[in-house]
Amino acid sequence: MLTRAKTNSENMAVDVILGLQWGDEGKGKIVDYLAAQYDVVCRFQGGPNAGHTIVIGDQKYVLHTIPSGIFREDIMNVVGNGVVLDPITFDKEIQKLESANIPFKDRLLLSKKAHLILPTHRMLDAASEASKGKLKIGSTLKGIGPTYMDKTGRNGLRIGDIMLPDFVDRYNKLKEKHLGMLVNYDSIDFDLEGEETRWMNCIEKLKTLQQINCEYYVNSQIKAGKKILAEGAQGSMLDIDYGTYPYVTSSNTITAGVCTGLGIAPHLIGEVIGITKAYCTRVGSGPFPSELHGSVGERLRKLGNEFGATTGRPRRCGWIDIPQLNYTIMINGVTQLVITKMDVLNEFEEISMAAKYKYDGELHDEVPYDMDGTQTDVEIENIDGWQQSLEGITDYEKLPSTAQSYLATLENKLGTKVTMVSTGPKRSELIIR
Ligand code: GDP
Ligand code: IMO
Ligand code: MG
């Protein structure tokens, strides 16, 4: 029997960073920091629904499709085939990098198999949401759902298609199909002609960027001994299969999505770095058992500046949720935890956590099939706050003892080691253990 031995360089060459909650955990900041230790950073799913904030010096950048390694020299950034790309929002991102003098062209590769978001995908997203009334998902309206529907429905257009002589015909065919579908909805306000012209102009600009067969590129990098970092978008609770369906996004946001989104085998996955805020947020509709509706939630929103990086919407806030995190740690195979936004809890006399779920009249550690229908409540446990600033602390041992106990409690309840603690938005505001 022929067996193919793994080379040393192949051993667990792809580390993964992903969000363990409902998104916005601070992935951009952590990827930007860690990217310096890698050769290639890859986005493997999602699209411009993501908003990853990176603060370098006094400058704040929000990336939507471009990987968060783009600010580092000598690092390649790959938009993998699991991503959906809108040429218009992508062009805006590129313009911002251009005006900041970031030489992105040599650092950026686009998978030919990544699907394109058309203006009519955005129209369908808006029309579908409007038709749902109270049951709306709270989508970012970037056309994500309709684009992934066309992908799985085998109708989509891919980046590689833009070089084909009949690309415009293919575009028109798909557009006509969408316009046929839109007849079933109430009409929405949308300047299709204007958006289409912009879209086609941006397609011309896309043609000037490097396109690759992502699966061959990534595997050849692994063979050459390069270190790869896969950057998740959204959060595990927004995963199409394992999230709070139907209040989810349309891609696999979990570790499994790295394999399909980049074209690599499961045995190549190394460390899985799961990020959680020291509390919890959600933007958009859907169940959120530990949500705080009153003044405490408002206080977290204010202190944490919890407003969406993509849509500017206020984020819903609540306490950290142990059953929810144990669920996403399990599904992702998380090997290390990163706790972000610890500083947001600085002023709290007491910090709470949702220790267990209450449903069907009993306490549970497991996330129920349908949190919405099951009326999930939480049992709260309290712990003393540290009530002091964490500014300037870069050594874990120098954290106030109460902050250390909070982290030790989390490690204990989550069975996973905390390896990094973020204490502010800047690159330097990070404790590495
Ligand atoms: P992402 O989507 O996971 O990359 O996260 P977002 O960028 O959407 O949201 C995280 C927000 O928190 C951004 O505004 C970050 O600049 C900010 N941030 C990240 N880490 C910290 C932290 O440790 N403390 C504080 N106060 N803000 C942080
Ligand atoms: P990052 O990568 C937070 C949410 C939307 C909505 C649902 C579906 O910045 O963490 P979609 O536009 O995908 O149809 O929206 O998912 N959502 C996010 N929430 N962070 C994100 O990305 C999100 N991307 C989508 O608010 O509830
Ligand atoms: Mg975000």
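In which helix does Asn 172 lie? In this predicted model, the residue belongs to helix 5, which covers residues 167-182.

Along the sequence Asn 172 and Glu 193 are 21 residues apart, while their C-alpha atoms are 13 Å apart in space.

## The protein as a whole

Eleven helices and 20 strands are found in the protein. Its radius of gyration is 22 Å, close to the 22 Å that the globule rule gives for 433 residues, so the protein is as compact as a globular protein of that length. The C-alpha trace spans about 65 × 55 × 55 Å when it is taken along the principal axes.

Of the 433 residues in the protein, 56% are buried, and the protein exposes about 18800 Å², with carbon and sulfur atoms supplying 49% of that area. When contacts between residues at least 6 apart in sequence are considered, 76% of them join residues at least 24 apart. The protein carries 48 positive and 56 negative charges, and the mean positions of these two sets are 4 Å apart.

## Helix 10 and its ends

Helix 10 consists of residues 322-332, and because eight of its eleven residues are buried, this helix is largely enclosed by the rest of the structure. The buried residues are Ile 322, Pro 323, Gln 324, Leu 325, Tyr 327, Thr 328, Ile 329 and Asn 332.

At the N-terminal end, helix 10 is capped by Asp 321, which places a side-chain oxygen 3.0 Å from the backbone nitrogen of Gln 324, itself one of the buried residues of the helix. Just after helix 10 comes Gly 333, whose phi is positive at about 65°.

Thr 376 is found in the loop between strand 17 (362-364) and strand 18 (377-384), and its relative accessible area of 13% is under the 20% limit, so Thr 376 counts as buried. Residues up to four places away in sequence aside, Thr 376 touches Pro 289, Tyr 357, Lys 358, Tyr 359, Pro 368 and Met 371.

Lys 426 sits in the loop that runs between strand 19 (418-422) and strand 20 (430-432), where its relative accessibility of 40% makes it partly exposed. Although Lys 426 and Ile 30 are 396 residues apart along the chain, their C-alpha atoms are separated by 10.0 Å. If neighbours within four places in sequence are left aside, Lys 426 is in contact with Lys 29, Val 55 and Gly 57.

## Backbone features in other loops

The peptide bond that joins Tyr 245 and Pro 246 is cis, with an omega of about 5°, and Pro 246 is located in the loop between strand 10 (228-231) and helix 8 (256-262).

Leu 141 is not a glycine, yet it has a positive phi of about 60°; this residue lies in the loop between helix 3 (119-132) and helix 4 (144-152), and at 40% relative accessibility Leu 141 counts as partly exposed. Asn 305, which is not a glycine either, has a positive phi of about 50° and is placed in the loop between helix 9 (295-303) and strand 13 (316-318). With a relative accessible area of 53%, which is over the 50% limit, Asn 305 is exposed.

How values were computed
Residues are numbered from 1 along each chain as its sequence is written. Chains are lettered from A and ligands numbered from 1 in the order in which they are written. This is a predicted model: local features need pLDDT of at least 70, side-chain atom pairs count only at pLDDT 80 or more; totals for chains, interfaces and linings use all residues. Side-chain values use heavy atoms; hydrogens and water are left out. Helices (H or I, at least four residues) and strands (E, at least two) are DSSP runs, numbered from the N terminus. The radius of gyration is taken over C-alpha atoms; the globule rule is 2.2 Å times the number of residues to the power 0.38. Buried means under 20% relative accessible area, exposed over 50%, partly exposed in between (1.4 Å probe, protein chains only). Contact means heavy atoms within 4.5 Å. Accessible areas come from the Shrake-Rupley method with a 1.4 Å probe; for residues, only the protein chains shown count as cover. Lys and Arg count as positive and Asp and Glu as negative; His and the chain ends are not counted. The place of a charge is taken as NZ of Lys, CZ of Arg, CG of Asp or CD of Glu. A polar contact is a pair of N or O atoms within 3.5 Å; within protein, one must be able to donate a hydrogen and the other to accept it, and residues adjacent in sequence count only if both atoms are side-chain atoms.
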